[in-house]
Amino acid sequence: MRIFVYPGSFDPITNGHLDIIKRASELCDKLIVAVLVNNSKKPVFSLEERVELIECAVEGIDNVEVESFTGLLIDFMKKKNATVIVKGLRAVSDFEYELQMALLNKKLDHNVETLFMMTNINYSFLSSSSVRELAKHNGNIDGLVPDCIIDKVLKRLRSN
């Protein structure tokens with residue numbers, strides 16, 4: 001079974017993330033969207049909330065599972081018998097950092113590959129932080145996040 005992992009903080013999930021999830025899920029038997037605890041970031045949504053938002057967004061994609069994890073991605077990969085890390089790239093600037101991470105992961109486990117997927121051009125400008133800023137300042141986030149989470153995102157960010 002080909003198991004891929006798409007890791008990220010997803011605070012919140014965007015349509016750009018969802019596009020990568022849909023496309024990557026077609027390349028494997030199982031795709032695990034792995035929501036990570038990143039101690040260098042202060043998320044707006046709790047880990048549990050981010051998992052719930054993603055589960056709503058991926059409903060109906062049968063081979064996609066959503067899990068959270070702490071620690072090293074490579075350890076999570078081993079635990080799940082996964083062999084491919086999926087990373088979405090919006091611009092060349094994303095590639096520089098992601099290449100370093102891919103090489104480090106390869107050093108830690110030579111059996112793990114990293115698959116870089118270019119974003120759909122319609123989402124090349126999109127990030128979770130831009131969604132948070134827009135929502136916080138009463139901007140329109142329609143088309144930027146999955147429809148099923150818009151109300152939850154707006155409620156959280158407009159109440160802060």
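Select A82. Leaving aside neighbours within four places in sequence, A82 is in contact (heavy atoms within 4.5 Å) with I3, V5, M77 and V112. This is a predicted model: local features need pLDDT of at least 70, side-chain atom pairs count only at pLDDT 80 or more, and totals for chains, interfaces and linings use all residues. Residues are numbered from 1 along each chain as its sequence is written, and side-chain values use heavy atoms, with hydrogens and water left out.

Stay on A82. It sits in the loop between α3 (73-80) and β4 (84-89). Helices (H or I, at least four residues) and strands (E, at least two) are DSSP runs, numbered from the N terminus. A82 is buried, with a relative accessible area of 8%; buried means under 20%, exposed over 50%, and partly exposed in between, with a 1.4 Å probe and protein chains only. I32 and A82 are 50 residues apart along the chain, and their C-alpha atoms are separated by 8.8 Å.

Next, the cores. A nonpolar core is a set of buried Ala, Val, Leu, Ile, Met, Phe, Trp, Tyr and Cys residues joined through side-chain atoms within 4.5 Å. Select I21, L31, I54, V58, V86, I141 and V153: these have the most contacts inside the largest nonpolar core, which has 36 residues. Elements giving two or more residues to this core include β1 (3-8), α1 (15-25) and β2 (30-36). Colour α2: this helix gives the most, with five residues. A second, separate core has 13 residues, including I74, M77, A82 and I85.

Zoom in on I141. Beyond its neighbours within four places in sequence, I141 is in contact with V131, L134, A135, I150, V153 and L154.

Show helix α5 (residues 128-136) and helix α6 (residues 150-158). Their axes come within 8 Å and cross at roughly 65°. That makes α5 roughly perpendicular to α6, a term for angles of 65 to 115 degrees. Axes are lines fitted to C-alpha atoms, for helices over the stretch in contact, and angles run from 0 to 180 degrees between N-to-C directions. Pick out V131, R132, A135 and K136 in α5; they meet V153, L154, L157 and R158 in α6. The residues of this contact divide into five nonpolar, no polar and three charged.

Last stop: S127, in the loop between β5 (113-118) and α5. Is S127 buried or exposed? S127 is buried, with a relative accessible area of 17%. Not counting residues up to four places away in sequence, S127 touches T14 and R90.

Conventions: Angles under 35 degrees count as roughly parallel, over 145 as roughly antiparallel, 65 to 115 as roughly perpendicular and the rest as oblique. Ala, Val, Leu, Ile, Met, Phe, Trp, Tyr, Cys and Pro count as nonpolar, Asp, Glu, Lys and Arg as charged, and the others, Gly among them, as polar.
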